[in-house]
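Student: I would like to learn how to read a structure like this one. Please take it feature by feature.

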Amino acid sequence: MKLYGAIASPYVARVAMYAKIKGIELPLSEAPGGNIKSAEYLKLNPIGKMPTLEVDGRGIGESTIICDYLEDAYPQKPGLPKDNFGRAQSRLVGRIVDLYIAPQIGPLFRQMNPANRDAAAIEAAGKEIAKGMGYAEAAMGPGPFCIAGTPTFGDCALATTTSLLNTVYGAGNFGLPDPVGSPRLATWWKAMMDNEDCAAVLSAHATAFGGFLKSMTARR
Ligand SMILES: N[C@@H](CCC(=O)N[C@@H](CS)C(=O)NCC(=O)O)C(=O)O
């Protein structure tokens, strides 16, 4: 089993974190053919995005589906809560990230250059992100993690995207409110940072993504 992708991607980091909390050894491997648009890679994942999980020569695409596969294939240490409602809520947090938070990141990326920025676009994206974070908060359980006392799928999805948001907000100096500013989200974020496994993945992701952002801004 091989996981292809770069840790700078929040979707790759999501799977890396999920594998880690489940105790699965899953280092990142270089994409077949050298990149995610190579014929070899596209054979495994015609969508041409990262991550892809290769299992016995066959590919699985989409980070959430890869996590589902890991849950089915390695049930010994669960990555979801035991009770059905908690499982649904943990998955819901991931869905909220994908549908309501992550789509706002592209519009913000386009506003990184202070010399040429659209304040209304920044405000609109920031508003939608804050709404999405509110939806995620509403889906949370008693905590301190998303649902309860251990990290599960929703934590992996929300934390890697939160880390990316923190980096983008910091680099862009947009003046947008802290995405984890509410008491429940602040408690959640602290729990993530205090968890050795989650913090290790978040740190690797932040370093790699920060480097990517720097090289992007240096090019303009
Ligand atoms: N819905 C996908 C999103 C994956 C995705 O957008 N990956 C980006 C990196 S963050 C990518 O591979 N982009 C390259 C491209 O679109 O060509 C998932 O959950 O895996």
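Tutor: Start with the ligand, whose surroundings are Ser 9, Tyr 11, Ile 36, Gly 48, Lys 49, Met 50, Pro 51, Glu 62, Ser 63 and Thr 64. A residue counts as near a molecule if its C-beta atom, placed from the backbone, lies within 6 Å of it. This is a predicted model: local features need pLDDT of at least 70, side-chain atom pairs count only at pLDDT 80 or more, and totals for chains, interfaces and linings use all residues. Residues are numbered from 1 along each chain as its sequence is written.

Student: How does the shell around the ligand divide into nonpolar, polar and charged residues?

Tutor: Ala, Val, Leu, Ile, Met, Phe, Trp, Tyr, Cys and Pro count as nonpolar, Asp, Glu, Lys and Arg as charged, and the others, Gly among them, as polar. Here the shell holds 4 nonpolar, 4 polar and 2 charged residues.

Student: Which domains does the assignment give?

Tutor: Domain bounds come from an automatic or database domain assignment. For this protein chain they are domain 1 (2-73) and domain 2 (84-219). Their C-alpha centres are 21 Å apart. Domain 1 puts 13 residues into the contact and domain 2 puts in 17, where contact means C-beta atoms, placed from the backbone, within 7 Å.

Student: Which helix supplies the largest share of the side of domain 1 that touches domain 2?

Tutor: Helices are DSSP runs (H or I, at least four residues), numbered from the N terminus. The largest share, 8 residues, is from α1. That side of domain 1 consists of 10 nonpolar, 1 polar and 2 charged residues.

How values were computed. Two residues are in contact if their C-beta atoms, placed from the backbone, lie within 7 Å. Helices (H or I, at least four residues) and strands (E, at least two) are DSSP runs, numbered from the N terminus.
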